[in-house]
Amino acid sequence: MAGIPGYSALAPKTKNLVMAGGLTGFVFGVYYYTMRAVGGSDELQVAIDKFEEAKRSSDAEASLPPKP
């Protein structure tokens, strides 16, 4: 495997910087893709809101004194 032309002529510190830049770009690309894929719908937020509303109403009913 030949690799990237001219890469072997670079200083070790420069090679490290090139590798770090490439890996950082890859990580941010995966993060951006994942956030776009997951954040496409608000189904989870709607479910959380319904659950919290049901919990609030059941807590309010439980805190009322019993009727004589």
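Buried means under 20% relative accessible area, exposed means over 50%, and partly exposed lies in between (1.4 Å probe, protein chains only). The model is predicted; local features need pLDDT of at least 70, side-chain atom pairs count only at pLDDT 80 or more, and totals for chains, interfaces and linings use all residues. Residues are numbered from 1 along each chain as its sequence is written, and side-chain values use heavy atoms, with hydrogens and water left out.The protein chain has two helices and zero strands. Both element types are DSSP runs numbered from the N terminus (helices: H or I, at least four residues; strands: E, at least two). The protein chain exposes about 6,500 Å². Carbon and sulfur atoms supply 67% of that area. Accessible areas come from the Shrake-Rupley method with a 1.4 Å probe; for residues, only the protein chains shown count as cover.

Helix H1 spans residues 12-38 and includes Val 30. Val 30 is partly exposed, at a relative accessible area of 40%. Together with Phe 26 and Val 27, Val 30 makes a nonpolar surface patch of about 290 Å². Patches are built from residues with over 30% relative accessible area and no salt bridge; nonpolar side chains (Val, Leu, Ile, Met, Phe, Trp, Tyr) are joined within 5 Å, like charges within 9 Å.

Val 18 also belongs to helix H1. Its relative accessibility is 46%, so Val 18 counts as partly exposed. Val 18 and Tyr 7 are eleven residues apart in sequence. Their C-alpha atoms are 9.5 Å apart in space.

The structure holds one salt bridge. The term denotes a side-chain nitrogen of Lys or Arg within 4 Å of a carboxyl oxygen of Asp or Glu. Glu 53 and Arg 56 form this contact, with the closest N and O atoms 2.9 Å apart. Both partners lie in helix H2, residues 43-63. They are three residues apart, about one turn of the helix. Glu 53 is partly exposed, with a relative accessible area of 46%. Arg 56 reaches 51% and is therefore exposed.
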